[in-house]
Each structure stands twice: as structure tokens, then as C-alpha cells.
Amino acid sequence: MTTEERILGALLGAAVGDAMGAVTETKTTEAIVKRHGGFVTTLLDPVCDCFARRNLRGMVTDDFSLVYLIGLSYIKNKGQMDQKAFEQVLIDWSELDQYFIDHSGPNTKVEIQRMKGEIPVDKYAHLKTRNHLITNGTAMKASPMGFMNPGNFDRAITETIAMCMPTHPTSVAISAAAAVSCATARAMVDGATKEEIVKAALYGVEESCRRIKDTAYPVAGAKMGPRIEMAVELGLRYGHDTDRLLYELASLIGTSLTCTESIAALFGLFMAADSAMDMVILGVNAGGDTDSIASIGGAIYGAFEGPGSFREEDRILIEKMNCCDNALTKHFDLCGMAKDLAKLADERRA
Amino acid sequence: MRKDNLYGCIAGAAVGEAMGAAVTTWTTDMIREEYGSLIESLLPAPTSTKMKGKFPAGHSADAVPYALQLIARFLENNGAMSEYDAGEVLLQWGADPANLEFAGGITRESYCHLAGIDTGYRYPFLTYDHHKISNEAAARAFASAVFFPGDVEAAVEATIKVFKNIYGNMVSLSGAGAIAAAVSEALKDGATCHSVLAAGVHGARRGFEIADSYRIQPAATALVSRRMELAIEIGLAAQGDFEKALTEIEEKVGCSNAANESVPAVFGCLAACDADAAATLRMAVNLGNDTDMMGSMAGAIVGALHPEALKQDDVRLVEQVNGYDFNTLAENIEKVISAR
């Protein structure tokens, strides 16, 4: 499979997962089934009691809009991505009302405002930890650092850390993002297995923690490594029984926006999924932060499998319903982006 | 005997909270670095903790002062209690800016709601909301549970009723049910570590069910009862190996202010230490992050179970610093229970 096909698979997984999961976000699996008469398996108009309530069918939220803008930034900067480049992505993204107003995560919003000088004082300045900066705002946009570095964990982690530092400079948020980028980087390589992809995620956790020991804030509490291992074990044990798997992951690991819940849980779903689209559907119906779980899981599985299991009409609708400018004139172009990024990734690899 | 256990519960909660307040938000490594070892005594809170260096050794955080005012209200009512008591007491307690400065997020938010102050909350349209899953109800649950020694069902029911408006989230109230049930069981003659652990898990499930029957707001996150089972399993397997239990509970269960982390973590500590009062408290206040609330919850349970094991110097210091009188409180609670 070509790099372009794998990147298109990752972009489609991230986009479809986000747009489909936007409808079910915050609910439990039980509530999703009750509301929709079963699992949600297609793009729907969002319901009134979710963050995306003002969206229309096919519109994405923060997850994929940030991935898309990072993709544009890789192209614009010819692959030279540093912390400054990632900060600029966040500032550009904050100008997009259609995403920033309703979809900025709790920590990302505050840190962007601080970056722009709109919030002068850090009320946690006296603390040695940042135990609250453990949400998945960086993990949700870490797949590009993976698909732009096929098989190259070292650079994937370097770029992931640069991406995380402006908003989530903590051991938990960075290691969760590194798990995602390293898993995606491994998934991009021909012949990769699921076991190797999970191993890459765990390597990303360990290596990123080692690198940021003196530069990021420590977090007192649950760690990504043990939580991913627990989720993968559940995925292997209950992969044949979707209802049981979703219950076990939701009730024990959790599926909330906290990294040690949603980012760990998605690796359990990844082990159980049969295809990239199946991964997206499992994530959309897993409960909690469903759009992030489906989007991130979809990106990893999409890089692993390519674009084959995604529907053409979903891509067309997402491209039609989403724009990367505030005037709503520059529509998303997933195939075009995949082509440009693949060229760049192959050049970087050479 | 019963009065001693009541005294132990309240004093244990206060000592545990004050002990943990000295290191709240820190990691276990930071505690070791600062003090050369894990802490096991009452210390002043440094500036780099949540308490910003303003608390002398023995000073309470926010759970016990509010809980003791609630107990005073229940005593005035001859043991009757309702959700209105929790609201009225919160309004009185929160009116003092010094109390509100260190209040937990949901306590402060509920106070503002009652006082008509805008909190800037952005998501009133959500049916399922994750932001209220804190342990604040659980850390105050001993206030209602002490009136129901040995009657686990009544303790859980009363606790959920009292806190359902202030801490209106099913996960939060499930945590409160766990602590209420464990305290109630620990106050019973013949209670053991195992009976307390079992009561706690039952209380978490009952708390969740009762909250559901009140149509309290749910949240899509891990269940308190499932994480308790995990924590207890870790604790029992690591009995005799303090460091292993401490690390595994922190890394797998967590120790944040979320009720589905810190409440299960307390039960993990109980299991690992076989409810030995000093060891359980030592583990709970050194896990990191929400150490004051874990100290308070663990202290209430082990104090009720083993009142004789509390260090009297610590109890006296906490009484002196905060102006408490645990003996009189315990006597008055005992009178109300006996009259009932």
C-alpha cells in the first residue's frame, strides 16, 4: 500500500470518526442505543444535548479540524515543524469560529487565550504539578506526527512533544499523544501487526516520559502505560462480544475526555475492531468522549488498513460541510491533502 | 464503645484531611524529595501546594469544616436530615471568603448557584456531564453516616438524599454511597476490614441506584464500584508490600479529585493495610494529588473502626488549630442515636 493511501485512510478515519461521534459525545452506550434505536453507524445530524448541537450532518469538531490544520501546516512549512509552528496552528484554528466557539476543549481554550495574551495570569503558577492538564486535547491531534513519520518513532515523538508543550505540557497528556503518534507511525509501515502497533504506543509513552522528565510538569495519578495495558487485555478478552467489551471498557477504564480513560480505552477497541470503519463505529458507540475515541482510533486503524472501508459519500459530505477559513470558502480536500502529505512524508523518509 | 467509634470517625476524618492538606496536588516523589520520606504527621502546607502556604500544621481543608457544620445542623434537628440542610449550611459556610478560597470546584459552584452568583458555566444543555464527578460528596459523607451506625442501607439513603442537590451527579453520589456505607459498617460492633470493604462496594452500587431513582445527572465515565473492585484486588494482592500497593493504586486506579479515582484508591489503601489505622492513613496521604480528601475519607473509616489507634497528639492539635471539640460532638451524636 502506498504512503498516500495510508495517509488518506488516517485522514478519513479521523474525519469520519469525529463527525459521526459528534452526535453521541458525552452519552453512555446505553443512552446512545436508547436515543438512536441502536448503534450509530452513519453520519447523522447532532442531537440537542451535545456539544455539536449547532452542527449539521457531516460537520467535524475540534478533533479533525485541528488535524486538518496541522496537515496544512506540515505542507506550508515543508515538514519543518517546531513548537512555534504548532502554536501558529492553534492561533489560526482559534480564528475559525465554526470550530473554536463550540468545540474548544477546556484546557486548549484557556491556553490559546493565554498564548494570545487574553488571559494574563496563570492561576496555577504556584503549583509544581498540573494535575488538571490531562485531557485528550493533544492526543486528538497527534496522528499527523505519526503518519508524517512512518516507522520513525524518534521524530514522531520529537514533533509530538513540540505539539503538546503550548497547551498540555504534562507527562500524562504528552505520553498519551506520543502513544497515538507512535502507534500511527508503526501502522504506516507495510506488514505491521496490531500487536506491534500497541507495542509502539507503549514505547511512545515510555520514551516521551523519559524525554520530558525535566521540561514538562509531572502529574500525580493514573499513568498511560498501565491503563493502555489494562484496556488491551480487555480488548483481547472480550473482542468477540461487543456489548460486553463496551461495558468493560466504559465501566473500568472509562471513556471520558481524560487521557487515562479515553486514550487508553481506544487501544482496547483497536484490538477488537475488524476494520477501520468498525473501529470508528466502536468508538462512536463506546460512550463518553466518543468523537475523540472514534477519530483517533479511526486515524490509527486508517493508517493501518488504508481508505478501503470508508464510504465515498461520507468523504464527499465531510468535504462539502467543512472549511478551513472563516469565510467558509476553502473546503476540506482530503484526497488532495493526502497526496501532498504523502509526497512530503516520502521525501522526509528519503 | 459506640461513642468512642463516633469520636474516632470524626477525629480520624479531621486528622487525615489535615495531614493530606500539607501535600495536596504533589506527586509521591515530590513528597519524598521535600521531606526525605513519606509523611505520617501533621505538617504546614508549603506554598507550592493547593493551600498556597496558608495552612499551619493541623489546619482543615474544606471537607471537614463543612461536614462538621452539617453534623451540628443534624443535631439541632434531632437527627433529621434533608437536602435543604446541605444547601442552607453551604450558604452559611460559603459566605466566609476564607472558606470559599480553598473549596472544591463543585462545592464552590453549588454555593454560587445557591447565592445567585454566575459561575460562567458553558454547558447547561448537556444531559450527561462529566465535570461534576468529584469526590466532594464522598469526603463529606461521614457527616450523615455517623447517625446510622451499623445500618448501611439507611446511611446510604440518607447520604444520597442530603447531598443530591449540592453534588448532583451519579458518579459523585456513588462515591458518597461507598464512604457512607463503609463508615456505617465500621461503626458496627464486630466490623472487620473485609466487612467494611464489602459494605463500601455495596454502598457504591446502592448510591448509584438511588441517585438514578432521583433522576440525578449521569456521566459517561468509569463506575466507582468497578474501580473499587480493582483497587481492593490490587490492595489485597500487595498486602505486606507497602510500596507496591502505593505505586499500583496510584498508576492504575488514580488519585485525582474524581470520585471514581480517589474513592476507590481509599479502599485500595484499606485493603493493602488490612485497615491498620496508621498505615492506611499513611498510604492515603502519600498517594499524591487529592491527598487531603483521601486522608479525610480514609481517616473517617479507620477512625471509626480503630479509634484507639489515632495519635492523641494529632487529634489535640487539629482540635486546637480549628477550634473543634470531637468528644462533645460524639456525645451529642450518641444521644440522638440512642433517643431514636
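Okay, let's start with one residue: A:Ile70 is buried, with 24 other C-beta atoms within 10 Å of its own. The cut-off for calling a residue buried is 20 or more, so that's why A:Ile70 gets the label. And before I go on, please keep in mind that this is a predicted model.

So where does A:Ile70 sit? You'll find A:Ile70 in helix α3 of chain A, which covers residues 62-76. If you leave out its neighbours within four places in sequence, A:Ile70 is in contact with A:Val89, A:Lys141 and A:Pro144. For a sense of distance, take A:Thr258: that residue is 188 residues away from A:Ile70 along the chain, and their C-alpha atoms are separated by 22 Å.

Let's zoom out to chain A as a whole. How many helices and strands does chain A have? There are 17 helices and zero strands. Its C-alpha atoms fill a box of roughly 45 × 45 × 45 Å along the principal axes. For 350 residues, a compact globule would have a radius of gyration near 20 Å, and chain A comes out at 18 Å, which agrees. Of those 350 residues, 61% count as buried. And if you take the contacts in chain A between residues at least 6 apart in sequence, 76% join residues at least 24 apart.

Before we leave chain A, have a look at helix α14, residues 276-284. This one is mostly covered, with eight of its nine residues buried. Among the buried ones are A:Met277, A:Met279, A:Val280, A:Ile281 and A:Leu282. What covers them? The cover for the buried residues of α14(A) includes α1 (3-21), α13 and α15 (290-305) of chain A.

Now over to chain B. Chain B has 18 helices and zero strands. The box for its C-alpha atoms is roughly 45 × 45 × 35 Å, again along the principal axes. With 340 residues, you'd expect a compact globule to have a radius of gyration near 20 Å, and chain B has 18 Å, which agrees. In chain B, 61% of the 340 residues count as buried. As for contacts with a separation of 6 or more, residues 24 or more positions apart account for 75% of them in chain B.

How do the two chains meet? In this model, 31 residues of chain A are in contact with 31 residues of chain B. On the chain A side, α11 (224-238), α12 (242-253) and α13 (259-272) each supply at least two residues. The largest share of that side, four residues, comes from α12(A). By class, the side of chain A that touches chain B has twelve nonpolar, 13 polar and six charged residues.

Nonpolar side chains tend to be buried together in soluble globular proteins. Here, the largest nonpolar core has 252 residues, and the ones touching the most other members are B:Ile179, B:Val183, B:Leu270 and B:Ile301. Which helix gives the largest share of this core? That's helix α9 of chain A, residues 171-187, with twelve residues. Back in chain B, B:Ile301 touches B:Ala182, B:Val183, B:Ala186, B:Val196 and B:Leu270, not counting residues up to four places away in sequence.

B:Leu270 turns up again in a helix pair. Helix α14 (residues 259-272) and helix α15 (residues 277-286) of chain B have axes that come within 9 Å and cross at roughly 145 degrees. The crossing of α14(B) and α15(B) is right-handed. On the α14(B) side, the contact is made by B:Val266, B:Cys269, B:Leu270 and B:Ala272, and on the α15(B) side by B:Thr280, B:Met283 and B:Ala284. Sorted by class, that contact has six nonpolar, one polar and no charged residues.

Most residues other than glycine have a negative phi. But B:Thr25 has a positive phi of about 85 degrees, although it isn't a glycine. B:Thr25 is in the loop between α1 (2-21) and α2 (28-35) of chain B. The other one is B:Asn78, also not a glycine, with a positive phi of about 55 degrees. B:Asn78 is in the loop between α3 (63-76) and α4 (83-94) of chain B.

Buried or exposed, then, for B:Thr25? B:Thr25 is buried, with 25 other C-beta atoms within 10 Å. B:Asn78, on the other hand, is exposed, with 10 other C-beta atoms within 10 Å. That's it from me!

Notes
Residues numbered from 1 in each chain as written. Chains lettered and ligands numbered in written order. Predicted model: local features only at pLDDT ≥ 70, side-chain atom pairs only at ≥ 80, totals over all residues. Core = buried A, V, L, I, M, F, W, Y, C linked by C-beta atoms within 7 Å. Buried ≥ 20, exposed ≤ 12 C-beta atoms within 10 Å, placed from the backbone. Contact = placed C-beta atoms within 7 Å. Nonpolar A, V, L, I, M, F, W, Y, C, P; charged D, E, K, R; others polar. Rg over C-alpha atoms; globule rule 2.2 N^0.38 Å. Axes fitted to C-alpha atoms, helices over the stretch in contact; angles between N-to-C directions. Left-handed = near helix turned anticlockwise from the far one by under 90°.
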